[in-house]
Amino acid sequence: MRTKSARRLAGLFVFASLLSGAAQALPLASVDAACRQLTGRLKGVSARECQASGLNAAGVGTVQGQPILFRDYLASSRRSTPKRILLVGGIHGDELSSVVVSFDWMRRLAAEKFQPFHWRVVPCLNPDGLLKALPTRVNARGVDLNRNFPTPRWAELAPKYWETRTKRDHRRWPGPGPGSEPETRWLVQQIKSFRPDAIVSVHAPYGVLDFDGPRAPPRKLGFLNLNELGTYPGSLGNFAGVQLGLPVITLELPHSAETPTPSQSARIWSDLLTWLDKNLPKGEPPLYQRLADQNWARNAP
Ligand SMILES: [Zn+2]
């Protein structure tokens with residue numbers, strides 16, 4: 001299982017590294033400016049809080065010149081080598097609650113005394129969609145980032161799914177090619193370099209919990225119950241969960257504009273930590289250590 005999973009990771013990472021880079025259209029905004037713009041759209045997160053939260057700007061940004069903001073939180077417990085968790089909000093720009101909840105959990109991470117994981121938090125992967133006059137699911141180029149990940153046979157399956165199953169829904173266009181978008185490419189690169197042991201992806205508004213990858217899925221996190229929605233060509237769950245064999249927990253909050261109450265958010269967070277603690281095997285080193293000796297190029301399929 002480990003070898004198979006490592007081989008798949010190797011092959012996809014080689015493929016991902018071949019994806020072409022698009023030129024930056026605009027110079028990147030500063031973190032301070034990006035925080036002012038983002039929080040202008042969010043209820044309950046101030047520009048000052050965002051600016052003081054230790055977010056870094058990724059070296060690459062969106063076509064509108066927005067930096068993708070992220071930061072790491074180290075484990076507060078040093079008992080063993082920490083597993084790594086990647087938390088991503090705002091893949092869809094009109095799901096504002098997913099960004100607010102990501103900020104809420106960043107607050108918790110900053111205050112948490114006994115959390116055992118190394119987190120990388122990306123509160124909003126699609127700032128261009130969020131900052132549109134009317135926020136959009138898609139990015140500035142009209143691409144649904146959650147259909148743009150380089151899954152197998154993308155060129156054949158993703159456009160076909162879009163045409164036949166979504167009837168060319170403009171909110172679900174997978175883009176001109178796999179990994180065509182800077183936001184998608186950056187996240188693929190993060191998965192390659194950070195090598196998370198699990199990914200938590202926050203969405204809205206279906207009010208359920210979805211899961212892809214190995215391990216038994218959580219049946220319930222706070223008030224969200226498991227309801228597996230299926231996988232799609234080009235989705236993050238397909239790319240990281242099915243192809244790379246990483247557990248991908250997708251939280252679908254019940255409303256896009258309305259954020260869960262503080263106690264609901266706290267309950268989801270605490271159940272999430274409990275599930276991760278129980279389901280990422282303690283005896284097994286973190287993925288970045290297990291893959292450290294792999295020759296990825298040689299293992300490509
Ligand atoms: Zn979504």
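**Group meeting: fold and core of a predicted model**

I'll start with contacts. Taking contacts in the chain between residues at least 6 apart in sequence, 79% join residues at least 24 apart. Keep in mind that this is a predicted model.

The chain has 301 residues, and buried ones make up 46% of them. Its secondary structure comes to 10 helices and nine strands.

Now the sheet. The nine strands form an open sheet with mixed pairing, in the order E1-E2-E4-E3-E5-E9-E6-E8-E7. Strand E1, 56-61, and strand E7, 220-221, are the edges, each pairing on one side only. Strand E3, residues 84-88, and strand E5, residues 198-203, run parallel and are joined by four bridges. In that pair, valine 88 stands opposite serine 201 of E5.

Two helices to mention here. Helix H4, residues 96-111, packs on the sheet and touches E2, E3, E4 and E5. The direction of H4 makes about 135° with that of E5. Helix H7, residues 182-194, also packs on the sheet, touching E1, E2, E3 and E4. The direction of H7 makes about 170° with that of E3.

Next, the core. Which residues have the most contacts inside the largest nonpolar core? They are Leu87, Val200 and Leu251, in a core of 67 residues. H4 supplies the largest share of this core, with eight residues.

Last, leucine 87 itself. Setting aside neighbours within four places in sequence, leucine 87 is in contact with Ser102, Trp105, Trp119, Val121, Val122 and Val200.

Key: Residues numbered from 1 in each chain as written. Predicted model: local features only at pLDDT ≥ 70, side-chain atom pairs only at ≥ 80, totals over all residues. Pairing = 2+ DSSP bridges. Contact = placed C-beta atoms within 7 Å. Axes fitted to C-alpha atoms, helices over the stretch in contact; angles between N-to-C directions. Buried ≥ 20, exposed ≤ 12 C-beta atoms within 10 Å, placed from the backbone. Core = buried A, V, L, I, M, F, W, Y, C linked by C-beta atoms within 7 Å.
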